[in-house]
Amino acid sequence: MRTFNTYFTNQENLQEYIAINSIVDSSSLLIQIFSCVYEEEYIAYVIGILTKLLPHAIIIGTTSDGTIKDGLVGKESIVLSFTQFEATALRLHAIDHIQDYHEAGVEMAQKLIHATTKVVITFVNGQEGCGDSYLKGITSIPSDVVVAGGLASRYNKSFVLAQKQIIFHGAVGVALDNTRLHLYKNYAHHWIPIGLEMTITKAQDNRLYQIDNRSALETYHYYLGNTIATGLPAFGIAFPIIIKREGLHIVRNVIAKHKDGSLSFAGNVQKGDKIQFGYGDSHSMISASNRLIDTLNNRPIETIFLYSSQSRKAFLDEKIEHETLPFGSIAPTCGFFGNGEFFSFATPELLNSTLTILALSESDSLRTFYKHDDWFEYSIQDEKIKALTHIAKVTSADTQYKNDRQTQIYSRLHTIGKRLNATTDISLLYDMACEFATDELKFEKCIIFTYDPINQWFKAVRSSGYENNRTQRLIVDDIKLLLLGRVIETLRIHKKPIIHTPNSPCDDVASLVRSLFLDEVYMELFGGDIENVPHGVIVVGNRVENSHQYTQIEVDEMALLALGNFTVQLSNTVDNIIYYQALIEEKELLQERVESRTREIKRQKESFEAIYKTSKDGIAIIHRHTHMFLDANEAYIEMIGYTKEELLERSCSGLMLEDGESNEILKEIAHKGFVTNYIKTCKAKGGNNVIVNMSIALMNDNERLLISAKDITIQKEHEHQMAQMHQYTKDSIEYASMIQHSILSNPNELQEHFEDSFMIWKPKDIVGGDIVFIQALNKEEIVVMVIDCTGHGVHGAFVTMFVKGIERHIMAEILYKKESVSTAHILQKFNKRMKMLLNHENSDKTSSHAGFDGGILYYNTKDKIIKYSGAQIPLFIVQEGKCTILKGDKHSIGYLKSDAHYRFKEYSCDVSKGATIYLSSDGYLDQIGGEKRFMFGRGRFQRVLEKHWQEPLEIQKNILIDTFYQYKQDEERKDDLTVVGLKIL
């Protein structure tokens, strides 16, 4: 097997390439065409040449958002890949119009998959959502055949190719028949799942309606904020969803937003799918894809096909080649960027934002290579992003773990609560208590003491964790706690649990802790009359040397909260049993009291269950008029810091910081019956302030208010920190703008050489990639340069600094050597020096793709002569109302593919009769706008100049600015805006 990859330029070069590489025409020659060109006539021309030169070859192809040739990524190219098989037969099938994509997939499989088939490469184009149905159709026929390829780029504007056919809304596939063919298929995406795991609750095909019973768009608003949600689908590329399905992490990008709150994705989603939001950074993605290279070592590999995603290319932007170039160093590599990638190893799936690799070999020879680690040079900023990504990943995993654990604990607590309420055997309660503490909450030991009224002491009636040591268990059984003893008295006085640890010891219980062979304990009274004669004491704890195996009391608040909730249930259940037994014994004499008490117990139970069901948020009941607390759950008590007894002695309004809103809120409650999202700062115990988000509702009796409160203090702190970070970033960029202004030439320098002038310089962002240089050589000569550097914003601004340094060096040479000025030579010097400084002579070691388009004007006031040379930037000359355009050269400066020896043209013009000269970057000319959303263009710009050529330049400047914004309308600024006007009399 041999593979050769090349760009198509013309017939002569292609014919020479085929001859040089000895490419033989045969039915075992596979030609893949990946085209960024969407012109049907031109593609037909290319196919005609191929079928003429290689009439027996198998030809397939697709349109692409970018081409891959031996790792290099092209934007406006056509890549031809020739794979000459020796022992592999090829079979082609094409479907020229598809009505049902699933049936089309079935047809493709029936036509191509035979007993000897190893791989099917297929390309499809069509409407949204077609890829999943098509792939499911192919793989519905049981086989071990690997399916590779993907969806053509740009729905409804693309086509696929099969021999001489150009197919819209169809599919093409080629089967590789050779049971001894070696293949390796894998994929990489490295989007990091962040946030809690969610469930799709309503979906159809590629349209997602609801997530966790909330609309899809509302979910984006809730978790990612209004800016991201409003900016969908454009911002969807940065925050896709990740579906966990049968061992794969499948990425789906938002491609459309609908009025009903649903979202369409570039691939199907299913009801019941578990999803998380995805977050990525370029360094992690490229590192992940480069790690695939390790898996290629010591494998038989003769060619590599890369089928990647146009959304992944858009996200990585200019760094995309850092992902593809390493593969090109291993074996001949080709591929394309489409709307989805097929993956069919363990399970068939349509992938998005993913790099898929298919490596093939007919030879058994193993390929060994040494991987280079310098494909991606990253900056401190990349390290910061990498660190933030790691934080997001770890935090998300930690949050998910805590959420899962909380769900598990409280689900178990709910189950045990039902058992507690259902049992009438107190001894069974003690067994459940020990089981919950040690088996569910993972504490090492649990001991239950109950009060013996005959001896008036508390004695251990249950213990767990001592079963393997009979001596310790006997000692525990011998411990007696007196009702008026130090331990019980301390618990009764505090009216809350005691926590004893080596770091925070409690002297009153230290002796008991040692006797129980523990180092840290949690103990709490339960049942009975806590202030006088409690029913019992529950003690939970660990030994220090074993603490790493068990839940640590000092650090696991969730476990302690669950233990506290369980103790409340245990206490209530014990009381219920005791009351029930007493009522049974006095049933005939106290029937009326029994019924009353039963109703009371029922009300207590209903109130408890209502509070328990919403225990994630704090809940309190207050009197409508006095605002005194009537009840509160454990979550509210923990949030505010007071014990329940302390809270019942206070009013809700007394805990709130006054801001004048309370009366208005009460009026709204009286009018509507409720308020939501009422944010208030409350005074917690100990002097700390707690910011809470409250919902308040008037209860049915019109005398009580039900408050549901969530602690958002940390959230508000995070919002404040994010605002500070945003301001810091903004200040930094504005400082950079000040620096950039300092290197921008002063327009006043033009006054000594030109009769009138103006300069429009409006960066798209705070800083930009456009810059104007003005250099007076003497009183008679001046050079004016308009430079449009790579990109805009911070990236473009950095390039301008680089270009400024080169400009100063070139101008210094001209002044020092007193050379006659040649604008063409100046552009050539820029080109050579930029490529030299960016190390383009050895492109394998450079990561830069910087450069610029520019125009250089020389004017001699004495001779009334101008000279001009342009790199992609034209010069407009208006004389007597007629505008002439000097187009310059279609060759940019400094880029990786720029020719270092290119010779630019130099135009000379006699302006002794006067003229007005204009230089403009493409930010004005390429702006999209108007009714048809076309670019402004040179012709429209020329007509504006001719119409207003007699106006003073200051007025022309305002006209140009007004014309630009009127044409742009609501369209986004495409680039930086720079226009210079110069008048010669």
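By the distance rule applied to this predicted model, the count of salt bridges comes to 31. One of them joins Glu-197 and Lys-244, whose closest N and O atoms are 3.3 Å apart. Glu-197 belongs to strand E14 (residues 192-204) and Lys-244 to strand E17 (residues 241-245), so the pair ties together parts that are 47 residues apart in sequence. Glu-197 is partly exposed, with a relative accessible area of 32%, and Lys-244 is partly exposed at 32% relative accessibility.

Another salt bridge is formed by Asp-617 and Lys-710, with 3.0 Å between the closest N and O atoms. This pair links distant parts of the chain, 93 residues apart: Asp-617 sits in the loop between helix H15 (591-613) and strand E33 (618-623), and Lys-710 sits in strand E37 (residues 704-711). Asp-617 counts as partly exposed at 22% relative accessibility, and Lys-710 is partly exposed with a relative accessible area of 42%.

A salt bridge can also lie within one helix. Lys-667 pairs with Glu-664, their closest N and O atoms being 4.0 Å apart. Both residues lie in helix H18 (residues 662-672), three residues apart, or about one turn of the helix. An α-helix has 3.6 residues a turn, so residues three or four places apart point the same way. Lys-667 counts as exposed, at 54% relative accessibility. Elsewhere, a network of salt bridges links Arg-245, Asp-273 and Glu-349.

The chain as a whole comes next. It contains 24 helices and 49 strands. Of its 985 residues, 51% are buried. Among contacts with a separation of 6 or more, 72% are between residues 24 or more positions apart. The chain exposes about 46,800 Å², and carbon and sulfur atoms supply 50% of that area.

Among the strands, E19 (residues 254-257) and E20 (residues 263-265) pair in the antiparallel sense over three bridges. Lys-257 stands opposite Leu-263 in E20. The two strands E19 and E20 form a hairpin with five residues between them. In its turn, Gly-261 has a positive phi of about 85 degrees.

Asp-452 stands opposite Trp-457 in E28.

Which residues of H13 are buried? They are Val-509, Ala-510, Leu-512 and Val-513. Their cover includes E29, helix H12 (486-494), E30 and E31. Just after H13, Phe-517 takes a positive phi of about 60 degrees.

Key: Residues numbered from 1 in each chain as written. Predicted model: local features only at pLDDT ≥ 70, side-chain atom pairs only at ≥ 80, totals over all residues. Heavy atoms only, no water. Helix = DSSP H or I, 4+ residues; strand = E, 2+ residues; numbered from the N terminus. Buried < 20%, exposed > 50% of the residue type's maximum accessible area, 1.4 Å probe, protein only. Contact = heavy atoms within 4.5 Å. Areas by Shrake-Rupley, 256 points an atom, 1.4 Å probe, with all protein chains shown as cover. Pairing = 2+ DSSP bridges. Salt bridge = Lys/Arg side-chain N within 4 Å of Asp/Glu carboxyl O.
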